[in-house]
Amino acid sequence: MKTLLTVLILAITSSTAFSQGILKKVQSAASSNVSTSSLPSLGNIGSVKDAIMAKLTPSLGLTATQKPAVSTDITDYLKSKAGIMPLANTDKTAYTSKSTSLISGLSGKLKTALTAAQYAKFLGLKPSAPSAGNVLSSLFF
């Protein structure tokens with residue numbers, strides 16, 4: 001009976017330790033996949049916004065009424081994002097958390113400014129990985 005209890009306790013303990021090891025690896029991979037070198041520079045928010053709008057307007061078929069709202073939402077997002085960019089290299093966990101919150105806020109605003117079909121197209125424009133060469137990376141990573 002003691003042997004069975006000991007084996008059961010060891011199995012539970014090792015399973016928990018293994019699961020936590022996996023969780024730490026996933027968290028580390030998630031927080032280390034973004035650095036400022038893999039994202040477009042936000043040094044000039046106006047030009048980044050203009051480049052993003054140049055891609056989004058034809059891709060989403062933005063109307064004259066939608067353009068100012070989307071432009072304002074993107075500008076506000078980029079300003080906030082510029083404020084947290086230093087964290088991408090110094091505190092990746094904080095960067096990931098704040099970035100996720102900003103992206104969620106932008107998504108909520110865009111859902112009201114865009115039609116459902118346009119929003120679906122917007123999500124389809126997400127690059128597979130952050131890229132300094134793709135200005136839309138600034139919106140998703």
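Trainee: In what order do the elements of the protein run from the N terminus on?

Mentor: They run α-α-α-α-α-α-α. The model is a predicted one. The protein has seven helices and zero strands.

Trainee: What share of the residues is buried?

Mentor: Buried residues make up 33% of the 141 residues. The accessible surface comes to about 8300 Å². Carbon and sulfur atoms hold 63% of that surface.

Trainee: Why is G83 called exposed?

Mentor: Its relative accessibility is 57%. Exposed means over 50%. G83 passes that cut-off, so G83 counts as exposed. The residue sits in helix α3, residues 66-84.

Trainee: Why is T63 called partly exposed?

Mentor: Its relative accessible area is 38%. Buried needs under 20%, and exposed needs over 50%. The value for T63 lies in between, so T63 is partly exposed.

Trainee: Where is T63 found?

Mentor: T63 is in the loop between α2 (45-60) and α3. The C-alpha atoms of T63 and L114 are separated by 9.5 Å. Along the chain, T63 and L114 are 51 residues apart.

Trainee: How many aromatic pairs does the structure hold?

Mentor: It holds two aromatic pairs. One of them joins Y119 and F122, with ring centres 6.0 Å apart and planes at 35°.

Trainee: What makes Y119 and F122 a pair, and why is the pair called tilted?

Mentor: Take the distance of the centres, then the angle of the planes. Rings pair if their centres lie within 6.5 Å. The centres of Y119 and F122 are 6.0 Å apart, so the rings pair. Stacked needs under 30 degrees, and edge-to-face needs over 60.

Trainee: Why do Y119 and F122 count as buried?

Mentor: The cut-off is under 20%. Y119 has 11% relative accessibility, so Y119 is buried. F122 has a relative accessible area of 3%, so F122 is buried too.

Trainee: Which residues do ring pairs link into a cluster?

Mentor: The cluster holds Y119, F122 and F140.

Trainee: What share of the contacts between residues at least 6 apart in sequence joins residues at least 24 apart?

Mentor: The share is 67%.

Key: Residues numbered from 1 in each chain as written. Predicted model: local features only at pLDDT ≥ 70, side-chain atom pairs only at ≥ 80, totals over all residues. Heavy atoms only, no water. Helix = DSSP H or I, 4+ residues; strand = E, 2+ residues; numbered from the N terminus. Buried < 20%, exposed > 50% of the residue type's maximum accessible area, 1.4 Å probe, protein only. Contact = heavy atoms within 4.5 Å. Areas by Shrake-Rupley, 256 points an atom, 1.4 Å probe, with all protein chains shown as cover.
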